[in-house]
Amino acid sequence: MEEFLKLTHLLVTVFLYTFATMTAFPAIPDITMSALCPDQDECSLVIYFTGFQQVVTGIGALLMMPLLGNLSDRFGRKTVLTIPLVLNIIPLGILGYGRSRELFYIYFVFKCVTSIVCEGSVQCLAVAYAADNVPEHRRASAFGILSATIASASVCGNLCARFLSISSTFQAAASTAAMAAVYMRVFLTDSAPNCNLSAPLLSGENVESVSSKKEKYATALPSLTDLFSFLKTSSTFSQVAVVAFFSNLADVGHHASIMYYLKAKFHFDKDRIADLMVISGVASSISQLLLTPILVPALGENRLLSVGVFFNSLHMLLHSLAWSAWVSYGAAMLSVLYIFWQPCLQSIVSKQVGAGEQGKAQGCISGISSFANVVSPFVFSPLAALFLSENAPFHFPGFSIMCAASAAMTAFVQSMMIKAPAKACTSIHVEVLV
């Protein structure tokens, strides 16, 4: 229990950051549609705009995530975590100031730029911080608590958006984002990984003292060779990387089109989207807090990962085939099961590396996930734009979401092939991030 108490300020920081992000999220489709396609429920242009943002973000994050993870190993989690927390304030502040067409384009540019650093980095660094402070055998539960915190913040943010006007929504989001940055700088204690706990995974790299590593900070910079070294050295890491890629490919494709799909088919507005996300968030929070501590010891991270990925695919399939609005609400309830995949994936990866490489490993997996952000718009955005338009070859508005479900099913097949790593006195064991 003492280990989890060390994470209190981290959890508060992550809660505030996620709350700010998710408060603004339900209103983005309405803002985008109003700026690009006024008085329309269907518009291909907004889907391509979203896809372009995902490509730019994905390419940037592919390069930035290993860099940020490695820098956090060297200079501390708190120092590097400051960067995305501060940058996250800028686009929210722009929409808090105004939502004219001109301001929307300014927001869009800043969102693309800041997302290169912000997208996934806070969770990446939070997982590394948790791995620094929690023993191996407790990390799966710690990551579950972190995921539950994110889900709870999502619920609170969506509830807030449900009852606020659009202008107040972005003002509240920007204020909370600023509060997250200030709180982290004041209260969070930096963590220094204990590099003597285990041997690092990268071949040819010996365990070094903190003092000897400091001598290399000025000259050693992370590169994509770190990622390839991880992939070559550990078959488990390689298999997990495949699961991470296809799972995120599916998630990004699903998230990019689901709001516009629901808006076009069932005329969902900001409030109904917020309701849907509240249902999903509540189910996720309950699952992470109550079920994860029971199921991880009983099934193990590998099997629970497969369970999560399978139900992730199933919930996308239900969305794609929804014949009534209530089906989408029912699909959201499946988050009680599909929420498992990410913390279990994080837990498995964490056990593959030494204590001094947690940030680097997390950053590499986040980079792979970001690469999925690049590929996904090229696959799913044209499909979504086509099948939500009047020029669709056949009537199936949810076709792009069904394709996303098939990508998630590919991840499920790969997850079934991952074998639990054997214990060894010189190596670490279980956990990490995506």
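Colleague: Which residues form one aromatic cluster here?
Modeller: Bear in mind that this is a predicted model, where local features need pLDDT of at least 70, side-chain atom pairs count only at pLDDT 80 or more, and totals for chains, interfaces and linings use all residues. Residues are numbered from 1 along each chain as its sequence is written, and side-chain values use heavy atoms, leaving out hydrogens and water. Rings of Phe, Tyr and Trp (its six-membered ring) pair if their centres lie within 6.5 Å, with planes under 30 degrees apart called stacked, over 60 edge-to-face and the rest tilted. The cluster's members are F49, F52, F104, Y105, Y107 and F108.

Colleague: How many aromatic pairs does a search of the whole structure find, and how far apart in the chain are F310 and F412?
Modeller: The search turns up 19 aromatic pairs. F310 and F412 form a tilted one, 5.4 Å centre to centre with 55° between the planes. F310 sits in helix α15 (residues 301-321) and F412 in helix α20 (residues 399-415), so the pair links distant parts of the chain, 102 residues apart.

Colleague: Is F310 buried or exposed, or something in between?
Modeller: Buried means under 20% relative accessible area and exposed over 50%, with partly exposed in between (1.4 Å probe, protein chains only). F310 has a relative accessible area of 31%, so F310 is partly exposed.

Colleague: How many helices and strands does the chain have?
Modeller: Helices (H or I, at least four residues) and strands (E, at least two) are DSSP runs, numbered from the N terminus. The chain comes out at 20 helices and zero strands.

Colleague: Are α5 and α6 roughly parallel or antiparallel?
Modeller: The axes of α5 (residues 77-87) and α6 (residues 89-97) come within 5 Å and cross at roughly 15°; axes are lines fitted to C-alpha atoms, for helices over the stretch in contact, and angles run from 0 to 180 degrees between N-to-C directions. Angles under 35 degrees count as roughly parallel, over 145 as roughly antiparallel, 65 to 115 as roughly perpendicular and the rest as oblique. That crossing angle therefore makes the two helices roughly parallel.

Colleague: Which residues of α5 and α6 make the contact?
Modeller: Contact means heavy atoms within 4.5 Å. From α6 come I89, I90 and P91, and from α5 come L85, V86 and L87.

Colleague: Where is H267?
Modeller: Phi of H267 is near 60°, a positive value in a residue other than glycine. H267 is exposed, with a relative accessible area of 54%. H267 is found in the loop between α13 (235-266) and α14 (270-299).
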